[in-house]
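Here are my notes for you, as a set of numbered points. Keep the model open while you read and click on each residue as it comes up.

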Amino acid sequence: MKFVIQRDQLINSVQNVMKAISSRTTIPILTGMKLEASEEGIKLTGSDSDISIESFIPSEEDGIVYVENIEPGSIVLQAKYFPDIVRKLPQNTVEIESDHTRNVTIRSGNAEFHLNGQDPEEYPQLPQLHTDESFELPIDLLKNLIRQTVFAVSTSETRPILTGVHVKLEDGNLEFIATDSHRLASRKIPLEQPEGKSLPAIVIPGKSLTELNKILDDSEDTIEVSVTENQVLFRTKHLYFLSRLLDGNYPETSRLIPEQSKTIVKIDTKELLQSVDRASLLAKENRNNVVRLITKEDNHLEITGNSPEVGNVVEEVMANDVDGEDLKISFSAKYMMDALKAVDYDQVKVEFTGAMRPFLIRPVDDDQILQLILPVRTY
């Protein structure tokens, strides 16, 4: 195998593929990265058996040559060293060559590295998914769906199913839902689908979606999502991202959402966020970082943070509208801030159903984004 490649392209692909490689895998060859050279270009693969990522660098695209002098072949390189070597090479082009004893030479400028490669035949074949169950959506929209929900997955393994995001496509709507049983985040978008087509509801590990979100560029291109019984594949022009799915039934979350509310507050998102942020500064000592909100007359809210050993903070915030019963409620500042950051709108409405019931946060004029938080008992 032999080729000469643009270093920047190689660095990008290597960084993407590294996100799937773990030093703690049970299969030794998976601590390596597979390189395959063909006339079309160079394919890099990394996998930890939960996530697999393939990144493809075309030999030529839009008249720009990225890879030349290709002699086809493949090799597995140690991922512990290869990325650092590539990053620190002196020139903009890199020549990589392997001989029949699997010795790999990496040249750039006056620098020359020799690495021991491993047998590519031992590297597990990635399943090629052939499935009718697929849909396409714009990449930037998928990134939004992930960003607005994935933070609410559970980090505890006691209920593994809650460490994933529930994805379902029905009645022309694609919905992402995440909950850790103290809060819930959901985002829905209309998605044009062929007549009568629906997808089985799946649960994608939150970790997989977080990594996918880091790799995808903010672009207008579309991404294809395909589903089989136990895996989901995200595919763009040069990227192939495969993740296992979580087994089990996701809890029915719709019944958590209160039907009617007793107090509705409409307020500027940023103002509420910054005020809760300030109130949380002195509430850091106690584990939950609890902040209190009290409704006052004339559309005022009082937001307080209190820590007996440290001190307290009180702030009055002007809401655009406060409608309904008077209210005193305590909640986790972190959950509130996460939820407000996920809402991409200037104005939110917060719907309360009493001091001990879950409350909802959504944009004033968009029902597709929903955040739900359980209050905290403080007395």
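1. Arg-102 has a positive phi of about 65° although it is not a glycine.

2. Now some ground rules. This is a predicted model, where local features need pLDDT of at least 70, side-chain atom pairs count only at pLDDT 80 or more, and totals for chains, interfaces and linings use all residues. Residues are numbered from 1 along each chain as its sequence is written, and side-chain values use heavy atoms, with hydrogens and water left out.

3. Next, the overall picture. The protein has 6 helices and 28 strands, and its C-alpha trace spans about 80 × 55 × 40 Å along the principal axes. Buried means under 20% relative accessible area, exposed over 50%, and partly exposed in between (1.4 Å probe, protein chains only). By that rule, 52% of the 379 residues are buried. Arg-102 from point 1 counts as partly exposed because its relative accessible area is 34%.

4. Ser-49 also deserves a click. This residue has a positive phi of about 70° although it is not a glycine, and you will find it in the loop between β3 (41–47) and β4 (51–58). Ser-49 counts as exposed, since its relative accessibility is 51%.

5. Among contacts between residues at least 6 apart in sequence, the share joining residues at least 24 apart is 66%.

6. Ile-177 gives you a close-up of contacts. It sits in strand β14 (residues 173–179) and counts as buried because its relative accessibility is 3%. Leaving out residues up to four places away in sequence, Ile-177 touches several others, including Val-165, His-166, Leu-184 and Tyr-250.

7. Is Ser-307 buried or exposed? Ser-307 is buried, because its relative accessible area is 2%. You can find Ser-307 in strand β22 (residues 300–307). C-alpha to C-alpha, Ser-307 is 49 Å from Val-227, and the two are 80 residues apart in sequence.

8. Helix α4 is worth a look too. Why is α4 described as largely enclosed by the rest of the structure? Because 7 of its 10 residues are buried. Among them are Leu-209, Glu-211, Leu-212 and Ile-215.

9. On to charged pairs. Side chains of opposite charge can pair when their charged atoms come close. A salt bridge here is a side-chain nitrogen of Lys or Arg within 4 Å of a carboxyl oxygen of Asp or Glu. The structure holds 20 salt bridges. Some of them link up: Lys-2, Glu-95, Glu-97, Arg-107 and Glu-112 are joined in a network.

10. Which parts does the bridge between Lys-143 and Asp-218 connect? The N to O distance in this salt bridge is 3.8 Å. Lys-143 lies in helix α3 (residues 139–147) and Asp-218 in the loop between α4 (206–215) and β17 (222–227), so the pair ties together parts that are 75 residues apart in sequence. Lys-143 is buried, at 13% relative accessible area, while Asp-218 is exposed, at 65%.

11. Compare that with Lys-334 and Asp-338, whose side chains meet in a salt bridge at 2.7 Å, N to O. Both residues lie in helix α6 (residues 333–342), 4 residues apart, about one turn of the helix. Lys-334 is partly exposed, with a relative accessible area of 44%, and Asp-338 counts as buried, at 18%.

12. One more pair: Glu-302 forms a salt bridge with Lys-296, and their closest N and O atoms are 3.5 Å apart. Glu-302 is buried, with a relative accessible area of 16%, whereas Lys-296 is partly exposed, at 35%.

Methods:
Helices (H or I, at least four residues) and strands (E, at least two) are DSSP runs, numbered from the N terminus. Contact means heavy atoms within 4.5 Å.
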